[in-house]
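Subject: Handover of a structure, with notes on its salt bridges

Dear colleague,

Please read them with the structure open beside you.

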Amino acid sequence: MLKPSYTIPDLPPPVDLETVAVLKALAKANRALAELKGRAATIPNQGILINTLALQEAKASSEIENIVTTQDELFHADLQMEGPDSPAAKEVALYRDALKLGYHHLQESDGLITNRTLIEMFRLLKRREGGFRVTPGTALKNDLTGEVVYVPPQDAREIEASMAALERFINEDEHSVLDPLVKMALIHHQFESIHPFPDGNGRIGRILNVLYLTRAGLLETPILYLSRHITRTKADYYRLLQKVRTQDAWEEWVLYMLEAVAETAQTTLALVEGIRNQMAGVKRRMREELPNLYSQDLLNNLFRHPYTRIEFVVQDLHVSRQTAAKYLDLLAERGFVAKQRSGRSNYYVNTDLVRLFLDVSGGQ
């Protein structure tokens, strides 16, 4: 049996977590989050943000695990139509579904994030039963060299006990003197160090980040685009995770996570602003050019589903297939969407919205 290379500590660790550098970074990150939260509230239907931004977060988070897909493949998978099959896009869509499941549980459980929720997200993400690891032998290796860099807890009882303690720490508010962003950084490190699942720990840990920010009231909905920063700084992310384990370097880890929050809050703000401006422009044009067609529900549909189809309009607007097809064809004729074909079915692309996502993701 492998010997664990790090003892899971009690949280919070007995170190100074409010250094001058941390306090300065906290002020910056909290300002950025507050601006994002306020601006996101101006979107008329929050389901638009949850659906579209959760899919973008899913794409970025999956790229960290070398599950790479294009925006086109991703939105095609979301159409749920017959056509080209992209396993990577399906994996990304499962991550989005796991994030939405976690958010639903958060709403239904008086703001608690439980291990049961994490296990259900794991089952959805990996499409199998099971839960925390029960078999020893897990070791994390360097992708390039194959060298073992970290051995997490091996004993099933220790994993259960560590996750129970982490669950209490996540949901304890009354006696916590930690800033929620510092606490999020500690939670993420602890979860990744326990490494409780046989697979999918990175993605579930990143979902846990945004769920915790929502639980703490720093966001109304889980829309922070955090994984994009981690993708770009992957080497630093893994180096600093390990540096805490070997050198107790908590300050460097917390500073890294605070910078990730500040930067990605600004990126997400740009996305939210872009969506808000596009919605306002499309709304104005529809009222002027197609006044008999305009409805808020139809507008919402075009932004909740960057690639939409007749069935989505039927479901959202409670109209017949014939009416839905007429609406979408009129929108295509006027240039609001681009009509495309896949197999025997049509779909309609909100090209300006897709271009906005492409700009943020670097063209993929």
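D329 has a relative accessible area of 24% and is therefore partly exposed, since that value falls between the 20% limit for buried and the 50% limit for exposed. Please keep in mind throughout that this is a predicted model. The side chain of D329 meets that of K339 in a salt bridge, with 3.0 Å from N to O. Because D329 belongs to helix 14 (residues 321-333) and K339 to strand 4 (residues 338-342), the pair ties together parts that are 10 residues apart in sequence. K339, at 41% relative accessible area, is likewise partly exposed.

Salt bridges that share partners also link E35, R39, E273 and R276 into one network. Within it, the side chains of R276 and E273 form a salt bridge at 3.0 Å, N to O, and as these residues sit 3 apart in helix 11 (residues 250-289), about one helical turn separates them. R276 is partly exposed at a relative accessible area of 31%, whereas E273, at 19%, is buried.

A further salt bridge joins the side chains of D97 and R96, at 2.8 Å from N to O. Here D97 counts as partly exposed, with 30% relative accessibility, while R96 counts as buried, with 6%.

The pairs described above are among the 23 salt bridges that the structure holds.

Terms used:
Residues are numbered from 1 along each chain as its sequence is written. This is a predicted model: local features need pLDDT of at least 70, side-chain atom pairs count only at pLDDT 80 or more; totals for chains, interfaces and linings use all residues. Side-chain values use heavy atoms; hydrogens and water are left out. A salt bridge is a side-chain nitrogen of Lys or Arg within 4 Å of a carboxyl oxygen of Asp or Glu. Buried means under 20% relative accessible area, exposed over 50%, partly exposed in between (1.4 Å probe, protein chains only). Helices (H or I, at least four residues) and strands (E, at least two) are DSSP runs, numbered from the N terminus.
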